[in-house]
Amino acid sequence: MRILILEDEKMLATSMKEFLEDSGYEVEHYPSSDEAFDTVFERVFDLMLLDVKVHGRKNGFEMLEELRKEGIKIPAIFITSLTDIDDLTYGYECGACDYIRKPFDLIELKLRIDQVIKLHCFGSDEERIPLPYGYSYDLNKMKFERQGETIQLAKTETKIMELLVKHRGSVVSYQMFWEEIWGEWIDPSNIRVQVGNLRKRLDHDLIKNIRGVGYSIDL
């Protein structure tokens, strides 16, 4: 899961980034709305954490408002010292799904993030997403399991499984794989090798090969 942080307070941004990376997330930090705005169109993110009063041509509100006009639907949480109810209302009108006031505890931040990701990325408010053949994906631990036992996956394998679970019931194309996992074009044969190695570790045909198109996991 990849998170974008827009925050110009360096110490806070560093603390958030290190804490979330220790929690298993991939994190990219930008102190300026100009950099962050452009990056959203170049990389795939699962969540944005946006300060409001930041460097750049747009503040956090304006940046999210513009992204929504451009059709970008990435869930966003505002992190700000603003306390006025009008600011809170405007934040939600811009397209945010949550709002955290500074100062805050990092544990609270993670709880808010976990809840948003469950609802907006995986389409579930359950802690564990059930999959066919007794498999499941634990959203809190970000672990792939079968009948309560964790199946240890390498970093890239975990990303592959997350992507398939997010789009369960649909086909994940080769383009979706290289865009969301590698961030750049790679040969489809390399993707087939990676997914093939993962499929060999499973007892059942959980990951289905849609020949010439990609892979899928049934609902």
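D98 is buried (under 20% relative accessible area, with exposed over 50%, partly exposed in between, 1.4 Å probe, protein chains only), at 15% relative accessibility. In this predicted model, local features need pLDDT of at least 70 and side-chain atom pairs count only at pLDDT 80 or more, while totals for chains, interfaces and linings use all residues. Residues are numbered from 1 along each chain as its sequence is written, and side-chain values use heavy atoms, with hydrogens and water left out.

D98 forms a salt bridge (a side-chain nitrogen of Lys or Arg within 4 Å of a carboxyl oxygen of Asp or Glu) with R112, at 3.0 Å from N to O. D98 is in strand β5 and R112 in helix α5, 14 residues apart; helices (H or I, at least four residues) and strands (E, at least two) are DSSP runs, numbered from the N terminus. R112 is partly exposed, at 25%.

## Other salt bridges

The count comes to 19 salt bridges. One of them pairs E26 with R2, the closest N and O atoms being 3.9 Å apart. This pair links strand β2 to strand β1 across 24 residues. E26 is partly exposed at 24%, whereas R2 is buried at 5%.

E9 and K102 also meet, at 3.0 Å. Salt bridges that share partners join E7, E9, D51 and K102 into one network.

## Confidence

The mean pLDDT (the predictor's confidence in each residue, from 0 to 100) is 89 for the protein. Confidence is lowest in helix α4, at a mean of 84, and highest in strand β3, at 96.
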